[in-house]
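Hi,

Here is the model I said I would pass on.

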Amino acid sequence: MDPTLPRRSGRRRGGGEGPVGAVAGAPPPRPPLRAVIEERVLRQRYDDAATMAGPLGHLLTAMACPQVALGVIPFGAAREHIRGVESFTVYDEDRVAIEWPRAEVDITAAGDVEDCVRAFAELTKLAAVHGTRARALVAAATDALE
């Protein structure tokens, strides 16, 4: 399992609930937010330019945070080795939510969760760009609104 995924809480030594290894009284560390989005989603128009610019600006702001890692899959990225995947969210090592047009389904079967974690890793490593290149794609989508 991916070591950077949030883990379920367990019993600490000395009793009490919370993340294993937590310091008493300290807030739990926030897991990093890792996401991958396709460039076509950044450029899909669902409202006027002013309305569209807001979420894109928020993405650029969030990408500057050290706890956020956003990858963007550019148009034309080689994806023939990656099967088509639905939109999904990996919550932790035990649960994934898959979004379909009419429903969101929680997946908890270990093999299915591992498949989603593997698909995310493949998309992140093989198809997505990160850092400056990803920010440039978000900025270009914003500029295209004008």
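Below is what I found in it, from the overall layout down to single side chains.

A word on the ground rules: this is a predicted model, so local features need pLDDT of at least 70 and side-chain atom pairs count only at pLDDT 80 or more, while totals for chains, interfaces and linings use all residues. Residues are numbered from 1 along each chain as its sequence is written, and side-chain values use heavy atoms, with hydrogens and water left out.

**Layout**

The protein has four helices and seven strands, taken as DSSP runs numbered from the N terminus (H or I of at least four residues for helices, E of at least two for strands). Read from the N terminus, the order is β-β-β-α-α-β-β-β-β-α-α. Of its 146 residues, 23% count as buried; buried means under 20% relative accessible area, exposed means over 50%, and partly exposed is in between (1.4 Å probe, protein chains only). The accessible surface comes to about 9,700 Å², and 55% of that belongs to carbon and sulfur atoms (Shrake-Rupley method, 1.4 Å probe; for residues, only the protein chains shown count as cover). Among contacts (heavy atoms within 4.5 Å) between residues at least 6 apart in sequence, 63% join residues at least 24 apart.

**The cores**

In soluble globular proteins, nonpolar side chains tend to be buried together. Here the largest nonpolar core has 12 residues: Leu42, Met52, Leu56, Met63, Leu70, Val72, Val129, Ala134, Leu137, Val138, Ala141 and Leu145. By nonpolar core I mean a set of buried Ala, Val, Leu, Ile, Met, Phe, Trp, Tyr and Cys residues joined through side-chain atoms within 4.5 Å. Helix α2 (49–63), strand β4 (68–73) and helix α4 (131–143) each supply at least two residues of this core, and α4 gives the most, with four.

**The β6–β7 hairpin**

Strands β6 (residues 95–100) and β7 (residues 103–107) pair in the antiparallel sense over five bridges; two strands count as paired if DSSP finds at least two bridges between them. A hairpin of two residues joins β6 to β7, and Trp100 has Ala103 in β7 as its bridge partner. Ile107 also sits in β7 and counts as buried, at 16% relative accessibility. Its C-alpha atom is 5.7 Å from that of Arg95, although Ile107 and Arg95 are 12 residues apart along the chain. Neighbours within four places in sequence aside, Ile107 is in contact with Asp94, Arg95, Val96, Ile98, Asp112 and Val113.

**Asp92**

What do the polar atoms of the Asp92 side chain lie beside? One lies 2.8 Å from the backbone nitrogen of Asp94, and the backbone nitrogen of Arg95 lies 3.0 Å from a polar atom of that side chain. For polar contacts I used pairs of N or O atoms within 3.5 Å; within protein, one must be able to donate a hydrogen and the other to accept it, and residues adjacent in sequence count only if both atoms are side-chain atoms. Asp92 itself is in strand β5 (residues 87–92), and counts as buried because its relative accessibility is 14%.

**Salt bridges**

A search of the whole structure finds four salt bridges, each being a side-chain nitrogen of Lys or Arg within 4 Å of a carboxyl oxygen of Asp or Glu. Including these:

- Arg43 and Glu39 meet at 3.1 Å, N to O. Both lie in helix α1 (residues 39–43), four residues apart, about one turn of the helix. Glu39 is buried at 7% relative accessible area, whereas Arg43 is partly exposed at 30%.
- Arg118 and Asp115 have their closest N and O atoms 3.2 Å apart. Both lie in helix α3 (residues 110–127), three residues apart, again about one turn. Arg118 is partly exposed at 43%, and Asp115 is partly exposed at 36%.
- Glu38 and Arg40 meet at 3.6 Å, N to O. Glu38 is partly exposed at 25%, and so is Arg40, at 46%.

Cheers
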